[in-house]
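Hi,

Here is the structure I promised to pass on.

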Amino acid sequence: MTRSALDLSVRPTILTVPGLGNSGPAHWQTLWERHRPDVARVDLGMWDRPHRNSWVTKLDQAVAAARAPVVLVAHSLGCIAVAWWASLSPQPYGWPVAGALLVAPADVDRDGVAAELAPFAPAPRAPLPFPSIVVASTDDPWIGVDRAHSLAVDWGSHFVEAGPYGHLNAASGLGLWREGLDLLDRVIDAGGGPNGEARSPGDARAILSMPRPAEVRPGMR
């Protein structure tokens, strides 16, 4: 699939990819879906007993069905599903998936990992074929911040340390998480130019790493 002249003014389709157990009504992914008409959820199914290949297939179908370009917004195990999708469904850089915001990735390789997460191990280590940001908390019970940073390095993602906000979920009290929306805007910017044209990997990295106010303070209002 390639870009055409008809695609130049198209804003991306934003697909949320929840983790284990799905995202409930107070989760920022759910609130974003209510807040923005361009955001929709990927129904991965098997939320409590996820199957890696099934999730990857569902994600692949959702990407294929969406109007490209697509930006993925994943949380927890959903981040690992995105990495597996990128590994098993290779694409040209930045198309049809133009970028991803990967929040609080689950550590599927840790000792004693939960049985529900183990089928997703080992976490893919190949660079993602689109610009991305990994956001991690300093006190996430599901992944250490150093491990999250290591995943970001493997995936070629810009890394944002979010401070002590647990698993960056509904229990973290983020509400709409407006700072996350700012990061989403940065991913969208990195994924394409003002007329929809594809950016080079170098230009995308420069945009993702550009310092912006309060990017690491999700609790600030």
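**Cores and sheet**

In this predicted model, the largest nonpolar core has 42 residues, and Leu59, Leu72 and Leu102 have the most contacts inside it. (A nonpolar core here is a set of buried Ala, Val, Leu, Ile, Met, Phe, Trp, Tyr and Cys residues joined through side-chain atoms within 4.5 Å; buried means under 20% relative accessible area with a 1.4 Å probe, protein chains only.) At least two residues each come from E1 (13-17), H2 (52-65), E3 (70-75), H3 (77-88), E4 (97-103), E5 (132-136) and H4 (145-155). H3 gives the most, with 9 residues. Helices (H or I, at least four residues) and strands (E, at least two) are DSSP runs, numbered from the N terminus.

Beyond its neighbours within four places in sequence, Leu59 is in contact (heavy atoms within 4.5 Å) with Val17, Val42, Leu44, Leu72, Ala81, Val82 and Trp85. There is also a second, separate core of 26 residues, including Val103 and Leu183.

Now the sheet: 6 strands make an open, parallel one in the order E2-E1-E3-E4-E5-E6, where pairing needs at least two DSSP bridges between two strands. E2 (39-41) and E6 (158-161) are the edge strands. E5 and E6 pair over 4 bridges, and Val135 has Val160 as its bridge partner in E6.

Local features need pLDDT of at least 70, side-chain atom pairs count only at pLDDT 80 or more, totals for chains, interfaces and linings use all residues, and side-chain values use heavy atoms, leaving out hydrogens and water.

Cheers

Technical notes. Residues are numbered from 1 along each chain as its sequence is written. Buried means under 20% relative accessible area, exposed over 50%, partly exposed in between (1.4 Å probe, protein chains only).
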